[in-house]
Amino acid sequence: MNWLIAIFQVLLFVALAPLLAGWLKCCKCFLQNRRAPSLFQPYRDLLKLTRKQPVVSEQASWVFTRAPYIIFSATILAASVVPLIAVNLPTSASADVIVLVGFLGSARFFLALAGLDIGTAFGGMGSSREMTVSSLAEPAMLMAVFTLSMAASTTNLSVGITHVLNEGLVLRPSFVFALCALVLVAVAETGRIPIDNPTTHLELTMIHEAMILEYSGRHLALIEWASQLKLMLYGVLIANIFFPWGIAETFTPAALGYGLLCIMGKLTLLAIILALSETVVAKMRLFRVQEYLSFAYLLGLLGMLSHIILEASR
Amino acid sequence: MNIVEQDFYTQIILSMAALVGLTSFLMLGQGRLLRLIFVFALQGLLLTLTTALVAYSLDNPHLYISAVMTLALKVIFIPWMLRREVMQMNMHRDVEALSNKTALMLGGASLTVFSYYVLHPIVQTTSPAMLNALAVSLSVVLLGMLLMISHRQAIAHVVGFMSIENGLFFAAIVATNGMPMVVELGIAFDVLVAAVLFGIFFFHIRSSIDSLDVDKLNRLNEVDK
């Protein structure tokens, strides 16, 4: 029964990710005085792409054609670790945060390989940029998550969230820092505006788009879907670690439904905030990304420090 | 003492302490003068909120006066004055290139650890939560000094100086639950006078060396080389 709910949760994750992307696009269009496409446009795009025939270069090796499947499944596995509507599910109990980062890391590894594999200049450039960003973002993310781990004395997300939930409303200075750090990292990792612009194909600035430039058809659909899934994953991480209220602790239909409503509400709000920041903030020069991410790392470090200095027992 | 066992008031004070520390870090890495002044005003606002909170929880009416004074001086007047000077000298578009920002930030983090380490022996004696906040305020003082060392613009030095004062003020509010009114009034007017004097000095420095970059002061000589 628990496994069924866990699988249901993962399916929900996969199914809702394009909806979040559509909602984000709606918010941005509204803020920029444009007419928004339908909320379900990402689904239609994915469907259209799966119907089309993928065009693969003759020089492409097996890495290029297999990579989308590996990336998509690794991202789904990562999503299965994150509690979406309920805690204490068997999938999230079997893996912790470090495994989550590992899944995302392996997905990124294959994406970078695929970018290099085809041998175009853009692909290689995108891969090198992506690895630069991620090598700086991963320590910052781990720092932020370790703050939660220290507070809850576990690296398991589900147990940690339950701990935060049962503690009631405790104002933790370290969580303020960890929240800021995780938001900065999430923006960098999902390739949103100050770091990378997901809608541009300008050669000077693109990172993610440069790597997937050669993809088409169902391969492109899978990669797009995986990146939408990653965006949602980070949103859920931020929402559920720091504001876990509403997540289901028992597996009754009412509790699960309430949990689903809560997480959708939280993600709606987060998407509005993200759209606002993307409209206000300008894209950063690539060489300033290192400053941005070292600031995120510093925030994570300060979170750990303030946990030790301000909160821990002595 | 775990944070879960503390009452809500202490938790808020500790969060405020963390946020004040964060604003110090934000100031440390800021190359643009207007943003530096804005973050400084934000720190003043946090101080005001902390003072008002202490006043409310201790039912100590004279702290409200001190909160209002902080609001008027450190959130409104001094930032406004500094901003006006920056605009007058047409420096609001300059971005100061900080040499090695990452090292600066990590230096700031190690100063935070250091201040905690220094205060550790004292912390054993009194209420731990309050003295934890004291460690943060000491680190705000040290970070203010680091800000003065690392930046070259005279206005950034003034902001660093004022943030040192903010750190001391925070320590006073949190650790002693408010100093006597006379002392607070005295400090407030000292700060006010200092701000005005700095303003005058800016114009003097600028008229004599045609810049507010204090590194150029090293090259002042009686005779031209």
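This is a predicted model: local features need pLDDT of at least 70, side-chain atom pairs count only at pLDDT 80 or more; totals for chains, interfaces and linings use all residues.

**Stop 1: two helices in chain B.** Select residues 33-58 of chain B, which form helix α2, together with residues 154-176, which form α6. Their axes come within 11 Å and cross at roughly 10°. Angles under 35 degrees count as roughly parallel, so α2(B) and α6(B) fall into that class. As for handedness, this crossing is left-handed. Now show the side chains at the contact: on the α2(B) side you'll find, among them, Leu36(B), Phe40(B), Gly44(B), Leu47(B) and Val54(B). Facing them from α6(B) are residues including Val159(B), Met162(B), Ser163(B), Phe169(B) and Ile173(B). Colour by class and the contact has 13 nonpolar residues, six polar ones and no charged ones.

**Stop 2: where chain B meets chain A.** Next, bring both chains into view. Here 24 residues of chain B are in contact with 20 residues of chain A. To see the chain B side, select α1 (8-28), α4 (101-123) and α5 (128-150), each of which supplies at least two residues. Which helix gives the most to that side? It's α1(B), with nine residues. Keep the class colouring on: the chain B side divides into 16 nonpolar, seven polar and one charged.

Stop 3: Then centre on Leu20(A). Leaving aside neighbours within four places in sequence, Leu20(A) is in contact with Gln228(A), Leu231(A), Met232(A), Gly235(A), Leu267(A) and Ala271(A).

Stop 4: Most residues other than glycine have a negative phi. Go to Asn33(A), in the loop between α1 (2-31) and α2 (41-51) of chain A, and check its backbone: phi is positive, about 60°. Is Asn33(A) buried or exposed? It counts as exposed, because it has 6 C-beta neighbours inside 10 Å.

Bring chain B back and jump to Asn90(B), in the loop between α3 (61-88) and α4 of chain B. Phi of Asn90(B) is positive too, near 60°. With 8 other C-beta atoms within 10 Å, Asn90(B) is exposed.

Definitions and conventions: Residues are numbered from 1 along each chain as its sequence is written. Chains are lettered from A and ligands numbered from 1 in the order in which they are written. Axes are lines fitted to C-alpha atoms, for helices over the stretch in contact, and angles run from 0 to 180 degrees between N-to-C directions. Helices (H or I, at least four residues) and strands (E, at least two) are DSSP runs, numbered from the N terminus. Angles under 35 degrees count as roughly parallel, over 145 as roughly antiparallel, 65 to 115 as roughly perpendicular and the rest as oblique. A crossing is left-handed if the near helix is turned anticlockwise from the far one by less than a right angle, and right-handed if clockwise. Two residues are in contact if their C-beta atoms, placed from the backbone, lie within 7 Å. Ala, Val, Leu, Ile, Met, Phe, Trp, Tyr, Cys and Pro count as nonpolar, Asp, Glu, Lys and Arg as charged, and the others, Gly among them, as polar. A residue is buried if 20 or more other C-beta atoms lie within 10 Å of its own, exposed if 12 or fewer, and partly exposed in between; C-beta atoms are placed from the backbone.
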